[in-house]
Amino acid sequence: MATNHFQRAREFFRRHANACKTALLFLALALIGLLAAFNERTPSLSSLRVKMLSGGPSGNYFTVVERLGAEARRRKGSIENLPSAGSVENVARLHGGGAQFALVQDGMEWPAGHTIELIGRLGTPESLVLLGREADQIRTLADLRGKRVGIGPKGSGTEQVVRRLLPVLAELQLEVSNHSVEEQLALLQSGQLDLAALVIQENSLLLSEAIRAGPLQIANFDAAEVLARRLGYGRAGVIRAGNYDPVRNLPPVDKHVIQIDTLVIGNGSASWSATQALITTLAAQVPDFVRFNRERGNPSGLPLAPAARSYFESDGPDAVGVHAPWLVDLMPTARWIQLIFGFSVLFNVMAFWHRFRLWRIDARRVELQGQVMRLFPAGLTSAEIATQVPGAAQPATETRNEVDRLLRELEELLTICREQSLSLLVPMGQEMSYRYQETLIVDLLRDLRIARVGLERE
């Protein structure tokens, strides 16, 4: 059954070869027309229509996504800011399909069996700090013994970081509890908490105001590098003395903290052009975003999104995607180039095979013509053999058999020539080469048949 379908399809294409070629030509012209009609003459981020999980309305993540949204709107795109309780909730909600992207802390526990991709790292890390009314007195880990510590809301990245450190700090007998950032600051002021843990940018407005307004202070982690190694991610950092108030010298000494990168992640549901448009927006807000991610690599353990890898390797967005985002959403430019190159190779091979077959037909015709001419007196042309009878160099029966063989082979060659002239391998306009061969074969057949009739009269 399959063979019959194949044969019918082959017969259809053989009979309608020219129509198929014309259809392919018009299809190519139509695609070029669509490309010209739908391209972005003035590049914008109109392909960016996404939702992004951030954090609490008073937190840094929320502010970052708000700025990204403003930049996207300025360039005809849209990033909807979805507030959340923090990184852990963002990871959980991301694979639920309610958003395409999220901001999270490095070191999250990535759920197995779900598609989570890395888009990139923000260039400025956050710091794990401990705020307290008398935190300047804390210089070593032993000074934390028995302290009441707020570790952020449930589901927050702060909670996850602190709980990962608790086994290391078990002998300090810390009393930890979950509260929102605002609640923790209020509990510090009332004395119900000794310290509040925050994962926050060191120059954020919330932290700066809390230190300048007093009496909150930042605890020092002399063992920050050791703790960062125990976490398995992050690195030691320093908040310099006087960073928040150089006149009053706040903080009074350098404060060693643990720095943690902020990741932009996705669930793979956004299109190629939307992902690259988001990176363009990030690069506009974080000037070193592309360079930082290209040089830093990807130690997160997450797969890097293909659109992000292409962006970083090319040091910019897909050139075609800037003007025709719908085209790269069908297939990235690199694949289009590979496809075009493949078609170019295919067409060259087809043209070579066409010329080879035509050469073989011509060579076979010349060979058969030579065999025909050897049956007749020397010096005759092909057109003159119709008036002649083959010579008597061999018995008449053998001569007739030889002429019959030549007639059969010429007829077979004529059939092959006709079939190959209708093949899709023949470039448009090159059918005349086959027509010329057909004419020569037909003329030789006609003259040889007339001569064959003359043999019967002998």
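Where is glutamine 173 found? Glutamine 173 is found in the loop between helix 5 and strand 7 (175-177); helices (H or I, at least four residues) and strands (E, at least two) are DSSP runs, numbered from the N terminus. This is a predicted model, in which local features need pLDDT of at least 70 and side-chain atom pairs count only at pLDDT 80 or more, while totals for chains, interfaces and linings use all residues. Residues are numbered from 1 along each chain as its sequence is written, and side-chain values use heavy atoms, with hydrogens and water left out.

Phi of glutamine 173 is near 55°, a positive value in a residue other than glycine. Most residues other than glycine have a negative phi, and most peptide bonds are trans. Glutamine 173 counts as exposed, because its relative accessibility is 58%; the term buried means under 20% relative accessible area, exposed over 50%, and partly exposed in between (1.4 Å probe, protein chains only).

A positive phi, near 55°, is also found at asparagine 249, which lies in the loop between strand 10 and strand 11. With a relative accessible area of 32%, asparagine 249 is partly exposed. Proline 251 lies in the loop between strand 10 (235-239) and strand 11 (255-260). The peptide bond that leads from leucine 250 to proline 251 is cis, with omega near -5°.

The protein chain as a whole has 16 helices and 12 strands. Of its 458 residues, 43% are buried. Among contacts in the chain with a separation of 6 or more, 75% are between residues 24 or more positions apart; contact means heavy atoms within 4.5 Å.

Strand 8 is an element to examine in more detail. Because 6 of its 6 residues are buried, strand 8 is largely enclosed by the rest of the structure. Leu195, Ala197 and Val199 point one way from the strand, and Ala196, Leu198 and Ile200 point the other way. Strand 8 pairs with strand 5 in the antiparallel sense over 5 bridges, where two strands pair if DSSP finds at least two bridges between them. Within this arrangement, leucine 198 in strand 8 is the bridge partner of valine 129. Strand 8 also pairs with strand 6 (residues 148-150), in the parallel sense and over 2 bridges. Here leucine 195 in strand 8 is the bridge partner of valine 149.

The next topic is the space within the model. On a 1 Å grid over the protein atoms alone, a cavity is a set of points where a 1.4 Å probe fits but cannot get out, and a pocket is an open set with protein on both sides within 12 Å along at least five of seven lines; lining residues have an atom within 4 Å of a point. Grid points are joined across faces, edges and corners, and a volume is the space filled by probe spheres set on the points. The count comes to 1 cavity of 30 Å³ or more, and the largest cavity holds about 130 Å³ of space. Its lining includes Leu128, Val149, Val162, Ala197 and Phe221. Strand 5 and helix 5 are the elements that give two or more residues to this lining. By class, the lining has 11 nonpolar, no polar and no charged residues; Ala, Val, Leu, Ile, Met, Phe, Trp, Tyr, Cys and Pro count as nonpolar, Asp, Glu, Lys and Arg as charged, and the others, Gly among them, as polar.

The second largest pocket has a volume of about 720 Å³. It is lined by 38 residues, of which Gly59, Asn60, Tyr61, Val199 and Ile200 lie nearest its centre. The elements that give two or more residues to its lining include helix 3 (60-74), strand 5 (126-132) and strand 8 (195-200). The classes in this lining are 12 nonpolar, 22 polar and 4 charged residues.

Asparagine 81 has its place in strand 2 (residues 78-82) and is buried, with a relative accessible area of 14%. Its side chain makes polar contacts with the side chains of serine 54 (2.6 Å) and glutamate 66 (3.0 Å). A polar contact is a pair of N or O atoms within 3.5 Å; within protein, one must be able to donate a hydrogen and the other to accept it, and residues adjacent in sequence count only if both atoms are side-chain atoms.
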